[in-house]
Each structure stands twice: as structure tokens, then as C-alpha cells.
Amino acid sequence: MKNFPWKQVLTAIVLLCAVVMVLPSINPEVWPHKKINLGLDLQGGMHLILEVQTEKAVEGQIGGLAEELKNAIREERIKYTDISAQGSRIVTTARSRESIDALNALVKKQFGDLKVAASTENDNIQEMSLILPEKQIEDIKKMSVDQALETIRNRIDEFGVSEPTIHIQGKDRILIQLPGVTDAGRAKSLIGKTALLEFRLVDEEHDVSKALQGNTPAGSEVLYQINRDPETGQTTRVPYLIKKGTPLTGVDLADAQVRIDGRYNESYVALDFNRKGAIIFDKITGENVKKRLAIVLDNNVYSAPVINERISGGSAQITGSFTDQEAHDLAIVLRAGALPAPVTILEERTVGPSLGRDSIRKGLFSMAVGGILVFVFMVIYYKSAGLIAVAALLADILLIAAGLAAFGATLTLPGIAGIILTIGMAVDGNILIYERIREELRVGKTSHSAVSTGFIKASLTIIDANITTLIAALVLFQFGTGPIKGFAVTLSLGVVATVFTSVVLSRLIFEYLLINRKMKSVSI
């Protein structure tokens, strides 16, 4: 065991593994494993910056609290004239001394989170504005951005985009980069759809035509169903009078899948509720047989079927004039959940695949030119030893590529710059070692002794220099974004590979030639 060449074996294993990891990127049919992921600047795709309308999330929270307050007042049998959510505040109006005192006591007891922003009282009529504390508003805004990020990430994952970049910028913005996406319209529709699914009863007690003329009854609103003719492409809008208040939402969905209707050969989205949703759906359908239940998504009516009987299975379906792709995208957004607040696109850029190919060509060309110049210089200046340095440099590039594939990292244009910089650093390491070996040869040492001493003296300096570079690269990776992160990834991999090839691989080649091949001198 003492003479077992473990260094040679381990080095051979490392290089063999690197070849195996890189092969799929050269020919995917040889070894069906991970390829090196190309960034947005190399393969084209979409760059978006979204702004989350956090004020809408606050208004939604206020609206929910207003409904809760209204229900609590009814339970306590307090007489009131008006309770409504107006933007980011709840406005209440109460008449009579008794009602005012009871309302104030109820707010204080059950809605301690609400603060009284303003209160006026004249002739036993009190108008009061309730708001949330500033700290709670900030928490709601932050949470809405975090939830939006997670929802968008889930949608993109289901969309099948590999290696997307999604992160928060500032307080309310989300940066999204989707490499390889060419259908920009579909991607924007999928990401930007709020996807608020609601099951709401149709108001059949009032006339929808009168509502269209401005006489909308209290507690109802007019929403539209948009129908599209599959042959002509023309759309029509059908108005519905829909009751406000949502007894069941998409929060209680367990699954959404695309199915094909056997009778009409049309796609529809089949919904399965969780246990709580199934109970609520059972109750709604049981109490409203022969009435219409509208399925509303983002304030658009998708269908409003008549409830013929109680539905206890916890399943429903959304039908419409869907194409297969539209049904598939709708199922994705429903499974991923609704955005907590609407988003708006602040910046949109599309990088074409041709620009990406041009970037790859120029990047690889510059890398090849730089590499060839270095190779020629090393061979001319260091002769045979220069060839060993060239072999080490090729192994260096191989290891970086294998590292990118193994860790699933993304290669970007700045990443190629990082590889080129690494080539220069690797050459520096070899030159440092070779100059040390030359010094030892000049004082009359044997080739084997000069090589051994040269590597020992230079290795510590090389490791020290690369550790400081690695620390800088790790800091860039931690705090950088986008292209900077891509540069940091290749630089970090390059530093590790450079130390390995300069200190370990080069020395093994020298020792093999001097010991195994019995070479008497080193051409350096």
C-alpha cells in the first residue's frame, strides 16, 4: 500500500469524471446527463422587471377586515348605516348613542389591530375611519412581494424553463430572466396573470339590463364573460350580475388538470378541492340548487352553470373556448396559486437567439485566440515544459466546464470572460513554478531535485494568491446579481481548477517523465 500511486489514481479519476460531465454538452446522445446551461445573453430569452402593486394587497386586507367587521356587527345586532372599505381605510357610520358605543366597544375588543385615524360626531351620528398601523402595512407589503416571488417561481417551474433567474430588487420589484423563452406573449400572460379564482352566485333577482344602465343593486356588480368564435376569432362580451362576497376561492384548490371533453372534443380544466374546499362547495351547491354559480377568474366570468343538484365530490370544472395551450396555462396558474397583488411590467427586453449565438461565437473566438497565443508563448519560452503547461491549461478548461455542468451553473458572457481570466492566472502559476525550477537548475541541482524544490517553493505562493482571488469571487457571488454572479461562478471554479492543475497535475506529469520514463534532464 505504501507504493500505491494514489495521487495518480485520484487525478485520473477526477479527469475522467470531468470528461463524463462535459460529454453531454458536446453530444447529448452519448451520455444523457446535464448539459451546461447557457445564460440569457448566450441563448436568448426574456428579461422582465415587474412591480408588485403592494397597495392593492393592503386594500385587499382592509376589504377582508371590513367584511369581518360587518359580520361581527350583524352577530352583535348593532344597528349601523354604513361600513365600507375605501382604499386603505375602513369608514363606518353609526347613528344613535347606543349604536356608537356598541360599535366602538366591538372594534376595541375584536379588532385591536385597527387604529382610529379620524372620528367626527354630530347629533349622535358618528363617522369613523379605521386604518392599520404603519408597521403592519409594511409587513403586508413585504409579505405580498415575497408571496408574489414564490408564486411566479412556481409558475415558471411548471412552465418548464431551466435555470431562470428570479429575485427581488428593492422593496417591490421582481427581476425575472428566462433563458431560451421565445414566446414572450405567452410567458408574460402566464407570469402576470393574478389568477384570483372565485365561485360566486349569480344575482338572478335583479335585471342585468337595468344594472348596465347604472342601477346596480347593492351587494352585486356587473362582470362579463368573454366568448371567442374559434372560426372567425371575433369576441363577444356577455354581462352577468354577480353577487359580491366570495364563499369559495382558489385558495382551497388541491389540484387543477387539463382534460378533454369526450362529447365536444374540447379542453377544460378539472378542479379538485381540498377537504375544507369540498365541504364549502358541498354547502354552496346544496343551498343553491337550481341557481347559477359563476366561476370568476380575475373578475372575468368563465362560466355560470345552473346547479342541478348538490355536488359532494369536491370537484368542479372550468369550461370555455380554450385552446389546449390556454387550458394548460390556466391549469398552471391555478395550481401555483393567485398572486397576492397585481403586477405591472416596468421593463421588458427580449434577447434574440441570433444575438446569443453571435455572443457565443465571439466569446469562444476570443477565448481560442487568447489560449493559442498563450500556448505558443509557453512552448517557445519553456520548450518541452511549455507543452506540460499547455496540457495543464487544457485540463483547467475541462475542469471548469465539468464544474459548470455538475453544479448546474449557468454560463454567461461574463462567465466566458472569467474563464479567459482563469487561463491567464493558470499561466502565471506555471511561470512561477518554472522560474523556480530554473533557479534550482542554475545552482547545479539534478532535474528531479530542481523540479521537486521548485514546486514546493512556488506552491505556497500560488495557493495564497488564489485563495485571495477565491475570497473575492465568493463575495461577488454572494452580493452580485445576474452577469456578475455568472462571472463569480466561473472565476471560483477556475481558481480551484487552476490550483489543482498547476500544483498537482503538472507535478505528476514531471514526476512521471523523470521517474517512470527515466528522463535525465528537463527542457525548460
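Author: A salt bridge here is a side-chain nitrogen of Lys or Arg within 4 Å of a carboxyl oxygen of Asp or Glu. With that in hand, Arg 97, Asp 101 and Glu 121 are linked in a network of salt bridges. Bear in mind that this is a predicted model.

Reader: Good to know. How many salt bridges does a search of the whole structure find?
Author: The search turns up 17.

Reader: Which residue forms a salt bridge with Arg 507?
Author: That partner is Glu 511, with the closest N and O atoms 3.2 Å apart.

Reader: And how are Arg 507 and Glu 511 placed in helix α13?
Author: They are four residues apart in that helix, which spans residues 482–516, so about one helical turn separates them. Arg 507 is partly exposed at 22% relative accessibility, and Glu 511 is partly exposed at 25%.

Reader: Nice. What about Glu 435 and Arg 438, what do their side chains do?
Author: They meet in a salt bridge of 3.5 Å, N to O. Both residues lie in helix α11 (residues 413–442), three residues apart.

Reader: Is Arg 438 buried or exposed?
Author: Buried: its relative accessible area is 16%, and the cut-off for buried is under 20%. Glu 435, at 26%, counts as partly exposed.

Reader: Which residue pairs with Lys 445 in a salt bridge?
Author: Glu 440 does, and the closest N and O atoms are 2.9 Å apart. Glu 440 is buried, with a relative accessible area of 5%, whereas Lys 445 is partly exposed at 34%.

Reader: Switching topic: where does Ala 392 lie?
Author: Ala 392 is in helix α10, which covers residues 353–406. Ala 392 is buried, at 1% relative accessible area.

Reader: What is Ala 392 in contact with, leaving aside neighbours within four places in sequence?
Author: Thr 501, Leu 505 and Ser 506.

Technical notes:
Residues are numbered from 1 along each chain as its sequence is written. This is a predicted model: local features need pLDDT of at least 70, side-chain atom pairs count only at pLDDT 80 or more; totals for chains, interfaces and linings use all residues. Side-chain values use heavy atoms; hydrogens and water are left out. Helices (H or I, at least four residues) and strands (E, at least two) are DSSP runs, numbered from the N terminus. Buried means under 20% relative accessible area, exposed over 50%, partly exposed in between (1.4 Å probe, protein chains only). Contact means heavy atoms within 4.5 Å.
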